[in-house]
Amino acid sequence: MDRTQLLLVGLPLFLFISDLFQLFTPPPQKPNSDDHHHHHHQPPPVIQQPQTLEFPTQKTGGIGAVGIGNTVTIDFCSSCSYRGTAVTMKNMLDNQFPGIHVVLANYPPPLPKRLLGKVVPVFQFGVIGLVMAGEQIFPRLGIAVPPPWFYQLRANRFGTMATTWLLGNFFQSMLQSSGAFEVYCNGELVFSKLKENRFPGELELKDLVGRKIANPTVVDGLGASSWS
């Protein structure tokens, strides 16, 4: 038997014996995975619980409510566009004197101006009606021939009506305005625009109202602490 035959017979035999040897040989023990991979382990992630943020709440109490039991009335001219100033002063007083009651009201003009203000619309509609239907109105009034000024107004009918309407509104606005900005604290006048011819400053009004609250009229023999 030559070498080639020995190689062809011996190689399969060697492989067969190797397979038998591996088949009956117990498998090696697996190393402990904890020891083998110890340096690869990472600690489990820590789940952080969300923390609730506590915000400080405003403390309310009767100690700082220096305005409780006091009323400030601001009477202003509503037709003079003074409402914005009145609202600004009201907000300032609410912040400076917690608990104070601030009332905003319209200051009406004097009685003669109010009566004239009611006459102006009647005059407006009277002129417009006369221009539109004067030829029928004058005969009913016993005037057979309308006066010359009627024909002058009638010649520019739309201009006459527009001028009457605009001038009437202007005079009515003047008659309804009082120009007042009067401040009362607990029924007593502390500032008057009609006397001073100006508006009060915020610091000035704060000081005036603060003095009035700190030194009220003595009732039942009880006084009040000084304003600081």
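**Note on salt bridges, the disulfide and local backbone features**

1. The side chains of Glu188 and Lys212 meet in a salt bridge, with N and O 2.6 Å apart. Glu188 belongs to strand S4 and Lys212 to helix H8, so this pair ties together parts of the chain that are 24 residues apart in sequence. The two partners fall into separate accessibility classes: Glu188 is partly exposed at 37% relative accessibility, while Lys212 is buried at 14%. Lys212 counts as buried because the cut-off for that class is under 20% relative accessible area. Note that the model is a predicted one.

2. How many salt bridges does the structure hold? The count is five, and the Glu188 pair is one of them. Another joins Glu204 to Arg198, with the closest N and O atoms 3.0 Å apart. Glu204 is partly exposed, at 28% relative accessible area, and Arg198 is also partly exposed, at 35%.

3. Asp207 and Arg211 also meet through their side chains in a salt bridge, at 3.0 Å from N to O. Both residues lie in helix H8, four residues apart, which means a separation of about one helical turn. Asp207 is partly exposed, with 29% relative accessibility.

4. Helix H8 covers residues 202-214, and Glu202 lies in it. Glu202 is partly exposed at 40% relative accessibility. Leaving aside residues up to four places away in sequence, Glu202 touches Thr88, Met89 and Met92. The C-alpha atoms of Glu202 and Leu93 are 8.8 Å apart, although the two residues are separated by 109 residues in sequence. Helix H3 spans residues 83-96.

5. Strand S4 (residues 188-192) runs antiparallel to strand S3 (residues 181-185), and four bridges join the two. Within this pairing, Tyr184 has Leu189 of S4 as its bridge partner. S3 and S4 make a hairpin with two residues between them, and Asn186 in the turn has a positive phi of about 55°. Cys185 is buried, at 0% relative accessibility.

6. Which cysteines form the disulfide? Cys77 and Cys80 do, with their sulfur atoms 2.3 Å apart. A search of the whole structure finds one disulfide. The link between Cys77 and Cys80 is right-handed, with 65° about the S-S bond.

7. Ser81 is not a glycine, yet its phi is positive, near 65°. Ser81 sits in the loop between strand S1 (71-76) and helix H3 (83-96) and is exposed, at 65% relative accessible area. Asn197, again not a glycine, has a positive phi of about 60°. The loop that holds Asn197 runs between helix H7 (193-196) and H8. Asn197 is exposed at 65% relative accessibility.

8. The last point concerns the surface. Leu167, Phe170, Phe171 and Met174 form a nonpolar patch there, with about 410 Å² of accessible area together. Leu167 lies in helix H6, which covers residues 157-176. At 46% relative accessibility, Leu167 is partly exposed.

Terms used: Residues numbered from 1 in each chain as written. Predicted model: local features only at pLDDT ≥ 70, side-chain atom pairs only at ≥ 80, totals over all residues. Heavy atoms only, no water. Disulfide = S-S within 2.5 Å. Buried < 20%, exposed > 50% of the residue type's maximum accessible area, 1.4 Å probe, protein only. Patch = residues over 30% accessible without salt bridge, like charges linked within 9 Å, V, L, I, M, F, W, Y side chains within 5 Å. Areas by Shrake-Rupley, 256 points an atom, 1.4 Å probe, with all protein chains shown as cover. Salt bridge = Lys/Arg side-chain N within 4 Å of Asp/Glu carboxyl O. Contact = heavy atoms within 4.5 Å. Pairing = 2+ DSSP bridges.
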